[in-house]
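Visitor: I have a structure open and would like to learn how to read it, feature by feature. Could you walk me through it?

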Amino acid sequence: MRIDLHAHSNASDGTDTPAELVANAVAAGLDVVALTDHDTVAGHAEAAEAVRGTGLTLVPGAELSCRVGGISLHLLAYLFDPAEPAFAAERELVRTDRFRRGRAVVERCRELGAPISWEQVERIAGSGSVGRPHIASALVEAGVVATVSDAFTHDWLANGGRADVPKHETDPATAVRLVRAAGGVPVFAHPGAVKRGRTVSDQVIADLAAAGLGGLEVDHLDHDEETRARLRGLAAELGLLATGSSDYHGHRKTVRLGEYTTDPAVYEALVAQATGAKPIVG
Ligand code: AMP
Ligand code: ZN
Ligand code: FE
Ligand code: FE
């Protein structure tokens, strides 16, 4: 069983349509893939339709933008009821503020001499949940930087960078409770991704565990071996599941689907905690 619990479609900042993501997951030899777009479930219906008859299992999910003590972090949410109103309202709030913030980031880029426009970013993002990777693609198109990754430096879009503007982000303990109240399972995404900015302390993770956190994403491209070992130990200590996943973004990132995977027993335990939705068996 090959299980990848974190992937993005063009419903947020991935480049595959949900149906293409499903086809690519089948081609990559995956048995289970989770669709975890930023702050949206807009890709779920198309992905659910696409898994039919493929043998691939789809885990509907999302990745929520959170912030605590001035540190931004991401919370994965799996198998929640998408219609549960409190959590749906919070996703809507974050998504809406992404537009205001996107415009402000474009304005800052222009002040810094980058010839990009909001119309260009809207074209790149399509109907998806708009984010910095779309603006990074605009900077690449304009010849300002060579790659999306090169746009995530202090000069441009990195956390705290010259053109970074904060967006509304949910307090993570609140987010954990919202996900649980919607029957879902919350997992802390790439908790040790130091290259993205400051990361939270073990104490914050322990507090989130007490609030209902279900797991830590341990095996991830942005974690070195030492970080993985440390997080695996912390997960065991706190009684949390330790997952692994690619965080695939299509051609906006070089990581391949299934490059990091989750142990089948961990996956079974995660599904057993969920009451909001079931995996969709294709
Ligand atoms: P946003 O959701 O608009 O705040 O943008 C954050 C997204 O940008 C993350 O989910 C990643 O997909 C991407 N990102 C963050 N840091 C980097 C980085 N150093 N290199 C490439 N992509 C990044
Ligand atoms: Zn992303
Ligand atoms: Fe993330
Ligand atoms: Fe992600």
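Visitor: Let me start with Q120: does Q120 count as buried or exposed?

Guide: Burial is read from relative accessible area: buried means under 20%, exposed over 50%, and partly exposed in between, with a 1.4 Å probe and protein chains only. At 13% relative accessibility, Q120 counts as buried. Before we go on, this is a predicted model, where local features need pLDDT of at least 70 and side-chain atom pairs count only at pLDDT 80 or more, while totals for chains, interfaces and linings use all residues. Residues are numbered from 1 along each chain as its sequence is written, chains are lettered from A and ligands numbered from 1 in the order in which they are written, and side-chain values use heavy atoms, leaving out hydrogens and water.

Visitor: Where is Q120 found, and what does Q120 touch?

Guide: Helices here are DSSP runs of H or I with at least four residues, strands are runs of E with at least two, and both are numbered from the N terminus. Q120 is in helix α4, residues 118-125. Contact means heavy atoms within 4.5 Å. Setting aside residues up to four places away in sequence, Q120 touches P115, A138 and E141.

Visitor: Which backbone oxygen does the side chain of Q120 reach?

Guide: A polar contact is a pair of N or O atoms within 3.5 Å; within protein, one must be able to donate a hydrogen and the other to accept it, and residues adjacent in sequence count only if both atoms are side-chain atoms. The side chain of Q120 reaches the backbone oxygen of A138, at 3.4 Å.

Visitor: What about the iron ion (ligand 3): which residues coordinate it?

Guide: The iron ion (ligand 3) is held by OE of E63, ND1 of H74 and NE2 of H190, at 2.0 to 2.2 Å. The spacing of these donors along the chain is E-x10-H-x115-H. H74 in strand β4 and H190 in the loop between β5 (185-189) and α8 (202-211) are 116 residues apart, a pair that links distant parts of the chain. Both H74 and H190 are buried. As for the two metals, 5.5 Å separate the iron ion (ligand 3) from the zinc ion (ligand 2).

Visitor: Which residues come nearest to ligand 1?

Guide: For this shell, a residue is near a molecule or strand if one of its heavy atoms lies within 4 Å of it. There are 13 residues around ligand 1, and H38, R98, R101, R132 and K167 come nearest. A polar side-chain atom of R98 lies 2.8 Å from an oxygen atom of ligand 1. An N or O atom in the side chain of R101 is 2.8 Å from an oxygen atom of ligand 1, and for R132 a backbone N or O atom lies 2.8 Å from such an oxygen.

Visitor: How much of ligand 1 does the protein bury?

Guide: Accessible areas come from the Shrake-Rupley method with a 1.4 Å probe; for residues, only the protein chains shown count as cover. Taken alone, ligand 1 exposes 490 Å², and the protein buries 91% of that. The elements giving two or more residues to the shell are α3 (85-111) and α5 (132-141).

Visitor: Last one: which residues of helix α7 are buried?

Guide: In helix α7 (residues 172-181), the buried residues are P172, A173, A175, V176, L178 and V179. They pack against β3 (57-68), β4, α3, β5 and α8. At the start of α7, a side-chain oxygen of D171 reaches to within 3.2 Å of the backbone nitrogen of A173. After α7 comes G183, with a positive phi near 80 degrees.

Key:
Donors are N, O and S atoms within 2.8 Å of the metal (3.2 Å for Na, K and Ca); water is not among the atoms, so sites may look incomplete.
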